[in-house]
Amino acid sequence: MAATKIQSWVRGRRARRKYLTMRLKANPKFRSDYAYDQLSKISDYYLNAALAREKEVDDMLEALDLQRHKAMADIMTDADWDAIRSKILQRALDPACAGQDEDMAAGVECPICMVAAVDEV
């Protein structure tokens, strides 16, 4: 009984493949539709893979950002951050500090987050 089922499955598979081959050769409309369907399946697969990878990267960056915020909260208080910010601003606005000229002082960046510490005036 099992051998008969296996044989019928193999015969059916061969018949479907042969029918598909014959139809692809004989019908140009079917051939273009078939190619379109196959390419759309491949495109959908790659799109889903790219979206999944992008989600993984976003999740990882979000987790790193959360860890950074937790570490900052554990180490420094708001008063500490305000003192550091005022010190950076004072250095940025004082051209004599560290021998900078006035143009360089206006463009000082925070060395940690690489964002301009002083807004352009």
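Let me start with Y46, which at 56% relative accessibility counts as exposed, where exposed means over 50% relative accessible area, buried under 20%, and partly exposed in between, with a 1.4 Å probe and protein chains only. Before I go further, please keep in mind that this is a predicted model, in which local features need pLDDT of at least 70 and side-chain atom pairs count only at pLDDT 80 or more, while totals for chains, interfaces and linings use all residues. Residues are numbered from 1 along each chain as its sequence is written, and side-chain values use heavy atoms, with hydrogens and water left out.

Y46 is found in helix α2, and by helix I mean a DSSP run of H or I of at least four residues, a strand being a run of E of at least two, with both numbered from the N terminus. Together with L39, I42 and Y45, this tyrosine makes a nonpolar surface patch of about 500 Å². Patches here are built from residues with over 30% relative accessible area and no salt bridge, nonpolar side chains (Val, Leu, Ile, Met, Phe, Trp, Tyr) being joined within 5 Å and like charges within 9 Å, and the accessible areas come from the Shrake-Rupley method with a 1.4 Å probe, where for residues only the protein chains shown count as cover.

That brings me to the aromatic rings. How many aromatic pairs does a search of the whole structure find? The search finds two, and the rule is that rings of Phe, Tyr and Trp (its six-membered ring) pair if their centres lie within 6.5 Å, with planes under 30 degrees apart called stacked, over 60 edge-to-face, and the rest tilted. One of them joins F30 and Y34, and because the ring centres are 6.2 Å apart and the planes stand at 25 degrees, this pair is stacked. F30 and Y34 are four residues apart in helix α2, so about one helical turn separates them, and Y34, at 28% relative accessibility, counts as partly exposed. Y45 and Y46 form an aromatic pair too, in this case edge-to-face, at 5.7 Å centre to centre and with 70 degrees between the planes; Y45 is exposed, as is Y46.

F30 has a further neighbour in R23, which lies over the face of the ring at 4.1 Å from its centre; a charge is taken to sit over a ring if NZ of Lys or CZ of Arg is within 6 Å of the ring centre and within 35 degrees of the ring normal.

Now to the charged pairs. A salt bridge is counted when a side-chain nitrogen of Lys or Arg is within 4 Å of a carboxyl oxygen of Asp or Glu, and by this rule there are three. D33 and K29 meet at 3.3 Å, N to O, and both lie in helix α2, which covers residues 28-75, at a spacing of four residues, or about one turn. D33 is partly exposed at 34% relative accessibility, whereas K29 is exposed at 54%. K55 bridges to D59 with the closest N and O atoms 3.0 Å apart, and D59 is partly exposed, at 38%. R68 and D65 also meet at 3.0 Å, N to O, and they are three residues apart in helix α2, so about one helical turn lies between them. R68 is partly exposed at 40%, and D65 is likewise partly exposed, at 33%.

Finally, the chain as a whole. It has four helices and zero strands, and of its 121 residues, 7% count as buried. With contact meaning heavy atoms within 4.5 Å, 18% of the contacts between residues at least 6 apart in sequence join residues at least 24 apart. The chain exposes about 10800 Å², of which carbon and sulfur atoms supply 60%.
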